[in-house]
Amino acid sequence: NSYLPSGRVNDSYRAQLAAYGGVPPYQWALTGYTALPAGLTLYASGEIVGYPRTTFSGTLEFTVTDSQYASVRDAVSLSIVDNTPPVQIGSYSLPNAREDSYYRTSLYASGGNGSYSWILVSGGLPWGLSLSGSGEIYGSARSSGSYSFTVQVRDSYGKYDSRNFSIYVERRYYPPPPPRLVPLATMFVPL
């Protein structure tokens, strides 16, 4: 049993399978029910290249065939590890909104791979507010109160994190009407 160099998820990977004896050139192929991790490609020359997208720890079976069609099978071990930090929502609380006033805030995340997409998974935003796929909450809240909900962020490889949030919508302030002036002529009473 031979070993290929280990690799890391989303890092460039390159390895060369080698054969001795027979009559070169050699042709390489995967055999049996084995498959390379997603993102890696085996070329007939025996070169394995790419950017692995998933972890892997196991044995792959290859067949090498020489120019005289003599072939040999061999099992080769490969390990791909994921050192990528997990996706984590970095926002912890959201600012209050005011009824009938424009509201805009952004959620943020770190870690993971590639771009993020955001979705609402439970609860509800205040009526009039929306969550965009890029993590922005925006709009004009139409009624006051406290609203609780859960959002989820996913990276481009499907790893995710979820967090509960709440937004308090303050009642719109309506100033009292100005005092009404009553004309003096209606208040004058003749003697």
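## A bridge between two strands

Let's start with tyrosine 13: its bridge partner in strand S6 is glycine 50. This is a predicted model, so treat the picture as a computed one. Strand S6 covers residues 47-50, and S3 pairs with S6 in the antiparallel sense over four bridges.

What holds such strands side by side? Strands of a sheet pair through backbone hydrogen bonds, and the pairing can be parallel or antiparallel.

## The sheet around it

Zoom out a bit and you'll find an open sheet of three strands, in the order S3-S6-S5, with antiparallel pairing. At the edges sit strand S3 (13-16) and strand S5 (40-42), each of which pairs on one side only. Neighbouring strands in this sheet are turned by 15° against each other on average, direction ignored.

## The largest nonpolar core

Now for the side chains. The largest nonpolar core has 20 residues. Which residues have the most contacts inside it? They are Leu94, Leu107, Trp118, Ile137, Phe149, Val151 and Ile167.

S16 gives the most, with four residues.

## A look at tryptophan 118

Pick out tryptophan 118 and check what it touches, leaving aside its neighbours within four places in sequence. Its contacts include Ile89, Leu107, Tyr108, Ala109 and Leu131. The run Ser132, Gly133, Ser134 and Gly135 is also in contact with tryptophan 118, and so are Val151, Gln152 and Val153.

Definitions and conventions: Residues numbered from 1 in each chain as written. Predicted model: local features only at pLDDT ≥ 70, side-chain atom pairs only at ≥ 80, totals over all residues. Heavy atoms only, no water. Pairing = 2+ DSSP bridges. Axes fitted to C-alpha atoms, helices over the stretch in contact; angles between N-to-C directions. Core = buried A, V, L, I, M, F, W, Y, C linked by side-chain atoms within 4.5 Å. Buried < 20%, exposed > 50% of the residue type's maximum accessible area, 1.4 Å probe, protein only. Contact = heavy atoms within 4.5 Å.
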